[in-house]
Amino acid sequence: MSQDSLFDKAALSYDEWYESELGQAVDQVERAGIDQAFTPSGSNILEVGCGTGNYTLTLAERGYTVTGLDVSAPMLAIAKDKADKAGYNVHWIEGDVSQVLPELGKYHGILSVTAFEFIPKPAEVLADLFTHLLPGGCLVIGIIAADSPWSELYRQAAAANPESVFAQANFYSEADIRGWKVGANPEISKALFFPPAVAGMKEAFEYEQMQKFAPGFLIAKWVK
Ligand SMILES: C[S@@+](CC[C@H](N)C(=O)[O-])C[C@H]1O[C@@H](n2cnc3c(N)ncnc32)[C@H](O)[C@@H]1O
């Protein structure tokens, strides 16, 4: 039987975020940034911390051969159910990325969205993942940025509730990422220039356009 993990209790309500107006605005700008950065050199993709499959299903829909890896059995069960219902054939690995590295294959692209905040020793794990890229392949992560209105919100959530998943999160800056020895120099892009307290979609996209606030989402890309 698998061990309990951090996101198990959050699994059933996790997708509710994407149904809220704010969640949809956030998802839209994060996806636009990820889509621009994630340019695999072929069809074989690994997604690390795939959660309930929000990106996994999009990748499968686009015709990629996808492996979704996650340490939380309940998160993975939801992802599997969604993929089965949509008729996608996804390969799943349940496990902690730092424990299953030797089992992984070689990929044209490796993607991870808002998972490396929760993974200890990110630089070491990313350096190892980089060795699982085929030549020309890319490793892309999207993470919540340190020193932003979003990391501040999550810090407050952690302070108010030590049981919150955010009590286990680490937030990194562009300088932190540039200091990680992964195997190549990273290309870093930024998104989420509106704060959590935005009035609605219209204001969110105006602020995004204006790059009004410190970016809440950093996207780092390493190419082999
Ligand atoms: C915030 S969720 C993001 C899920 C998905 N990527 C998305 O964007 O909706 C973080 C996910 O990372 C997973 N995760 C955290 N630490 C992990 C680890 N060491 N190995 C594998 N997955 C991990 C969690 O179980 C959770 O499903």
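Trainee: To begin, which residues does Ala25 touch, not counting residues up to four places away in sequence?

Mentor: Please keep in mind that this is a predicted model. With that set aside, Ala25 touches Met201 and Ala204.

Trainee: Where is Ala25 found, and is Ala25 buried or exposed?

Mentor: Ala25 belongs to helix H2, which covers residues 21-37. There are 21 other C-beta atoms within 10 Å of Ala25, and the threshold for a buried residue is 20 or more, so Ala25 is buried.

Trainee: What separation do the C-alpha atoms of Ala25 and Asp176 have?

Mentor: They are separated by 27 Å, and the two residues lie 151 residues apart along the chain.

Trainee: Changing topic, how many residues does the largest nonpolar core have?

Mentor: That core has 59 residues, and Ile110, Leu139 and Val140 have the most contacts inside it. Strand S5, residues 133-144, supplies the largest share of this core with 7 residues.

Trainee: Which residues is Ile110 in contact with, leaving aside its neighbours within four places in sequence?

Mentor: Ile110 is in contact with Leu46, Val48, Leu129, His132, Leu133 and Leu139. Leu139 is also among the residues with the most contacts inside the core.

Trainee: Now helix H4. What length does H4 reach from its first C-alpha to its last?

Mentor: H4 spans residues 73-86, 14 residues in total, and reaches 20 Å, close to the 20 Å expected at 1.5 Å a residue.

Trainee: Which residues of H4 are buried, and why do they line one face of the helix?

Mentor: The buried residues of H4 are Met75, Leu76, Ala79 and Ala83. Viewed down the axis of H4, they fall within an arc of 95°, so they line one face.

Trainee: Finally, the ligand. Which of the 20 residues around the ligand come nearest?

Mentor: Phe7, Gly49, Gly51, Ser72 and Ala115 come nearest. H3, S2 and helix H5 are the elements that give two or more residues to the shell.

Trainee: How do the residues of that shell divide into nonpolar, polar and charged?

Mentor: The shell around the ligand has 11 nonpolar, 7 polar and 2 charged residues.

Note on methods: Residues are numbered from 1 along each chain as its sequence is written. This is a predicted model: local features need pLDDT of at least 70, side-chain atom pairs count only at pLDDT 80 or more; totals for chains, interfaces and linings use all residues. A nonpolar core is a set of buried Ala, Val, Leu, Ile, Met, Phe, Trp, Tyr and Cys residues joined through C-beta atoms within 7 Å. A residue is buried if 20 or more other C-beta atoms lie within 10 Å of its own, exposed if 12 or fewer, and partly exposed in between; C-beta atoms are placed from the backbone. Helices (H or I, at least four residues) and strands (E, at least two) are DSSP runs, numbered from the N terminus. Two residues are in contact if their C-beta atoms, placed from the backbone, lie within 7 Å. The expected span of a helix is 1.5 Å times one less than its number of residues. The arc is that of the directions from the helix axis to the C-beta atoms. A residue is near a molecule or strand if its C-beta atom, placed from the backbone, lies within 6 Å of it. Ala, Val, Leu, Ile, Met, Phe, Trp, Tyr, Cys and Pro count as nonpolar, Asp, Glu, Lys and Arg as charged, and the others, Gly among them, as polar.
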